[in-house]
Amino acid sequence: MIVIGYSADPYGRAALEHGIAEAKLRQTTLLVINATSGESYADPRFAQSGEVHDVEEHLASCGVEFELTQPVGVDTADELLTAMDRPDAALLVIGIRHRSPVGKLLLGSVSQQLLLECPKPVLAVKPA
Amino acid sequence: MNNFDWFLQGLSEAATPMNLLYAVIGVLLGTAVGVLPGIGPAMTVALLLPVTYNVSPSAAFIMFAGIFYGGMYGGSTTSILLNTPGESSSVITAIEGNKMAKAGRAAQALATAAIGSFVAGAIGTVLLATFAPPISRFAVTLGAPSYLAIMVFALVAVTAVLGASKLRGAISLFLGLAIGCVGIDFLTGQPRATFGLPQLSDGIDIVVIAVAIFAVGEALWVAAHLRRRPAEIIPVGRPWMGREDWKRSWKPWLRGTAYGFPFGALPAGGAELPTFLSYITEKRLSKHKEEFGKGAIEGVAGPEAANNASAAGTLVPMLSLGLPTNATAAVMLTAFVSYGIQPGPTLFEKEPLLIWTLIASLFIGNFLLLVLNLPLAPLWARLLRTPRPYLYAGILFFAALGALAVNVQPLDLALLLVFGLLGLMMRRFGLPVLPLIIGVILGPRIERQLRQSLQLGGGEWTSLFTEPVAIITYVLMAILLLMPLVLKLMHRSEETLLIVEDDKDQKEKAEA
């Protein structure tokens, strides 16, 4: 099983595309996770109902067996790491972005935490 | 000097660079807190009350006026983009505004709300400057019994007319009146409800109560519901309107202003009723009836103008009689007290420059808001991404600081927590906050007027009904309280009218 850390932006979509390609190659299933801490009134990276529908259609048309979850009120990194602890999880796909040192200091970096702490291979991709 | 000269004098005072800076800070802060659901202008002014210790009165009131008007603007942005009304007065705006935004006309909805608010605010402030001085001149001639009657009328109106439940309003009001009783009785010198604590003999400071109920109560309430599914926000560019939108908006703006101002100016106040009436009127008069419920621009323009005009209207009783009828005005009134200025009918005589500076700064703030709000709308929407823990940590910090700064007395921090818990419980059980605050502020003043009237009248209750204004006010109060009952008995309450109207709509749709 391949786990995709999805966010509703170009980085998340890049991760989705590479994850689908990898799943086709390995003949395995997909787990798409779009998590939010739920701490702010609006989270632009949390996919809204219309977009969720589009992603599901896209995944279905690719012919890969998939599961899409949208956990609310969790730490994104923890949620992905928990999913990667499952024995059948083989690969984590995430989209990475440029971050300033100050931004990292203030808000931390989910990608950095995942890259360093995930016990299994992580595929870090960028939008084309 | 006549009023216009005073106004020019106030304008020159308000337009100094330092005071303009305070105006800019005020409108920015006001819009920001208006945009964020749960944090309103009342809470912000309460948190900023400590600035009254080292800022001049005119600068502080210029800033508060900016926050007051800014909160209205910000609230409309949230209700249009998020369908979460920031305040009860933007509920109606949310109906059509959010539908417009969903249909891809968010820019036009924001523009008509902002420009409508500006028009209504400007007209409302002119009306305020026209009506407040004569009312105050009249009010000075009133004796204690009349003044008592008017204050009781404001209490009854705020409790019974606003809000959904009269019982809940009354519970909140009596909590406030009870808190107002704490302290030394001013006639006999006996301590009341001080629990033997000498620190309580001066009463509980209103700043502590306001900060606790508005800020701590809200922070605890949010902490209890911290993690929630994020709302779906509609992305927006720079607000603008086309020719057709202008044509469809200007009449609703003016009609909304006409509804809003008188309702705000009555001691019964409130923006809910005029926004609702404006919506109904626009729906009836519109040439685009079919668009209502799907995002009609008239349904945003009218209520939003009514909302702002009523905000300007609530300043009439506040400045001319010292009667607060909304939460922000109530907290601003405590700022007057903290400067040692006695709010009441004598305000225009004793502090003309301050009052006219405040009125002039309303014009300036209103203009600044229009200039800032149109280009900055996308930025305000981004503000909604702030994580709540950061936001409320800051609010709690300023709340504790403000409560401690009042008397530098540790007991005030304990009181802050106790009343904060009370605020949480009130939110939990749906008790409105406004009657409590008004009760705390007006309770002691009503008591003073009542006992003065009784003393003058030799202890005879009939001495309360000697002045014609007092009698008229009591009659109006009785009508206000009995009218819903009578209407219900006649089976013609507002709700049934609405249902009838809805039925008509349904039938028309079925026939079409």
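In helix H3 of chain B, the buried residues are Pro41(B), Ala42(B), Met43(B), Thr44(B), Val45(B), Ala46(B), Leu47(B) and Leu48(B). The model described here is a predicted one. Because 8 of the 8 residues of H3(B), which covers residues 41-48, are buried, this helix is largely enclosed by the rest of the structure. Its surroundings can be named: the buried residues of H3(B) pack against helices H2 (17-35), H4 (57-82), H8 (206-224), H13 (327-338) and H16 (388-407) of chain B.

At 1.5 Å a residue, the 26 residues of H4(B) should span 38 Å, and the C-alpha atoms at its ends lie 37 Å apart, which agrees. After H4(B) comes Asn83(B), which has a positive phi, near 60 degrees.

The discussion now turns to the nonpolar cores. The largest nonpolar core has 155 residues, and those touching the most other members are Ala46(B), Phe64(B), Ile209(B), Ala210(B), Val211(B), Ala215(B) and Ile437(B). The element that gives the most to this core is helix H5 of chain B (residues 91-140), with 18 residues. Apart from this core lies another, of 27 residues, which includes Leu31(A), Ala35(A), Ala77(A) and Val122(A). Within chain B, the contacts of Ile437(B) may be followed individually: when neighbours within four places in sequence are left aside, Ile437(B) is in contact with Gly176(B), Ala210(B), Ile213(B), Ala327(B) and Ala330(B).

At the level of domains, chain B is divided into domain 1, made up of 3-231 + 240-466, and domain 2, made up of 467-512. Taken over C-alpha atoms, the centres of domain 1 and domain 2 of chain B are separated by 27 Å. Where the two domains of chain B meet, 14 residues of domain 1 and 10 residues of domain 2 take part in the contact. On the side of domain 1 of chain B that touches domain 2 of chain B, 11 residues are nonpolar, 3 are polar and none is charged.

There remains the meeting of the two chains. Here 16 residues of chain B are in contact with 13 residues of chain A. The side of chain B that touches chain A comprises 9 nonpolar, 1 polar and 6 charged residues.

Definitions and conventions: Residues are numbered from 1 along each chain as its sequence is written. Chains are lettered from A and ligands numbered from 1 in the order in which they are written. This is a predicted model: local features need pLDDT of at least 70, side-chain atom pairs count only at pLDDT 80 or more; totals for chains, interfaces and linings use all residues. A residue is buried if 20 or more other C-beta atoms lie within 10 Å of its own, exposed if 12 or fewer, and partly exposed in between; C-beta atoms are placed from the backbone. Helices (H or I, at least four residues) and strands (E, at least two) are DSSP runs, numbered from the N terminus. Two residues are in contact if their C-beta atoms, placed from the backbone, lie within 7 Å. Ala, Val, Leu, Ile, Met, Phe, Trp, Tyr, Cys and Pro count as nonpolar, Asp, Glu, Lys and Arg as charged, and the others, Gly among them, as polar. A nonpolar core is a set of buried Ala, Val, Leu, Ile, Met, Phe, Trp, Tyr and Cys residues joined through C-beta atoms within 7 Å. Domain bounds come from an automatic or database domain assignment. The expected span of a helix is 1.5 Å times one less than its number of residues.
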